[in-house]
Amino acid sequence: MGRLNAFQIYKLLPKTNCKECGESTCMAFATKLLNQERKLDECPILLESKYQANYEQLKELLAPAEGALETGITLDEDLCTGCGNCVVACPPNARVCDACKGGSGPDPSNDKIIFRVLDSKAKIVNLKICRRYEPPITNCRICEMYCPTRAIEILR
Amino acid sequence: MGDLQSNVVCTGCSLLCDDIVVELENGKIKTTHHVCARGYGRYYQIAFKYRLLSPLKRINGKQQEISYEDAIQETIDLLKKAKNPFFYGWASTTSEAQQKGIQLAQKFKAGIDCATNSTTGIVLQQLNAKNIQIPQLEDIKDNADLLLFWGCNPTASHIRLLSKFALLPRGANTDRGIEDRVAISVDIRKTDMTKFSEEILQIEPGEDKALLEALIQIIQGKSLTEDIIANIPRKTIYNVANIIKEANFGVLFFGNGYAKTQENMDTLLRFFETVNQKGIKIGAVPLDGGYNAVGFNLNLKKHVNLELNADFQSSPPTQTPNFLIESLKQDKIDLLVVVGADPISNLPFHVCKLFAKIPIICIDYQQTPTTKVSHIVIPTTIPGVESAGTAYRLDYKPITLKKILEPPEGIYSDEEILNALLEQS
């Protein structure tokens, strides 16, 4: 499955544009759902028994997004091969760690870095220096771009 | 934090990453830092359920435990009885063990061959003959601006190659990392490498030679007449040739996907000759399994001045291409000693069937299909974890393996076992 988009969510919503959730259209609500700004339960029509199947399907679709961290990044450890591409490619990581800049692994005591590889799986240590964390936010997708196995995905 | 062992060398593949940090607690491995999935296996196998912890001997068709001394004695008896013993493997063991193995083969007038000879060995021999340098991996990191991946997928075979040496790291003259480099991949299918490549040449199987010929022609200044060569449009080939022409320092990584037939090898050598004549610096790096595959070729050269394999029955010793398979086909082997390899998993089935006729003595640290069919199995330590030694990286750089843990009781290293065989016989 590719990256989740708002249209996939919209297709499962009631599509009535009733405005009961406070959004002007269902599509707007779908976009906010994807960005985790709204909750699924905030759509009253979806809670009716008629839409139960859709509700459950949506819940399943949005489950990985719920696991996403503040910057919208998800890391699937089952897919990770520990190649360390994210550790080396990530620009903030290279800024705070000279070893990462040159391709080696970071010092085990360095807890400023975003990524490190532990037991052959990438781990997220500190997201605060991520370019997507604090304003001015940039739409940096370098870790996702260089992950060969698609273990890292950025959901928005 | 427990006891930190830094600069440990990983023996997962022939990159021999030397920046591994292992955290020990109560004499056991707690966590490993920076190891990839392939290398992690080495640390995980210590307490693996298929780990071999006692020598085995096949008695009445079943493998039964025997003592270490008995196993050594039985092996020596079999070696003395055999008319044509053969020593095989050597790609995944230390350089010291390889040297003992060569001495042992000489003593018993045996044949000796390396498991990766049909791939890496032949390439290295031919590159050496033409004086084509294998660049140091650090040099690639600092200077390389063109990376050609031909028939290989390092994201699966040499997992840290892209992050540690080739594509992503920022070196002395490549301080923008991947932005200072161009990667091109040639393969018969889409692999994970396509994500990193500027040009992806998906060729038809067996068309490597045609594509390389076309590149040689363009670099020589001739023009192509055909519109599509090896399933690639002419325009793309011109584009790639131009990228090659403009490179300051290129590296051609080629894996097992580039078939090592004599025709293919000749074309490859001609490609290097052509680019060198035009003043383009392009180095060759063969990517292959077996963390110390090049070590065997170096040691054999030092010892008997042969590069691939040696037949000590003739004097002076001679070398034969595909030595093991040719000898097996001619029924020339009556005892096979396997060290640091798993031929039953790696060789084709029609060759494996020939193993059924001969007794096998296998020295390994875990159960493999080869140990399952062996007459005698001698367990050993995991090099780089439980025993020290030297191994040669794929660019011939010697790397010292560290011992970080005590091996299980009664388990000796490959070197110690081969030394015992050498001294007691």
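In chain A, the C-alpha centres of domain 1 and domain 2 are 32 Å apart. This is a predicted model, so treat the numbers as computed. Domain 1 of chain A covers 6–66 and domain 2 of chain A covers 73–154.

Now chain B. The assignment there gives three pieces: domain 1 at 3–46, domain 2 at 52–116 + 291–424, and domain 3 at 120–286. Between domain 1 of chain B and domain 3 of chain B, the C-alpha centres are 31 Å apart. Their contact takes six residues from domain 1 of chain B and six residues from domain 3 of chain B. On the domain 1 side, those residues split into five nonpolar, no polar and one charged.

Next, helix α1 of chain B, residues 37–44. Which of its residues are buried? They are B:R38, B:G39, B:Y40, B:R42 and B:Y43. Part of the cover over these buried residues comes from strands β2 (20–25) and β3 (28–33) of chain B.

Last, the contact between the chains. Here 25 residues of chain B meet 22 residues of chain A. On the chain B side, β3, α1 and α7 (161–166) each supply at least two residues. Which element gives the most to that side? It is α7 of chain B, with four residues. By class, the side of chain B that touches chain A has 12 nonpolar, six polar and seven charged residues.

Methods:
Residues numbered from 1 in each chain as written. Chains lettered and ligands numbered in written order. Predicted model: local features only at pLDDT ≥ 70, side-chain atom pairs only at ≥ 80, totals over all residues. Domains from an automatic or database assignment. Buried ≥ 20, exposed ≤ 12 C-beta atoms within 10 Å, placed from the backbone. Contact = placed C-beta atoms within 7 Å. Nonpolar A, V, L, I, M, F, W, Y, C, P; charged D, E, K, R; others polar.
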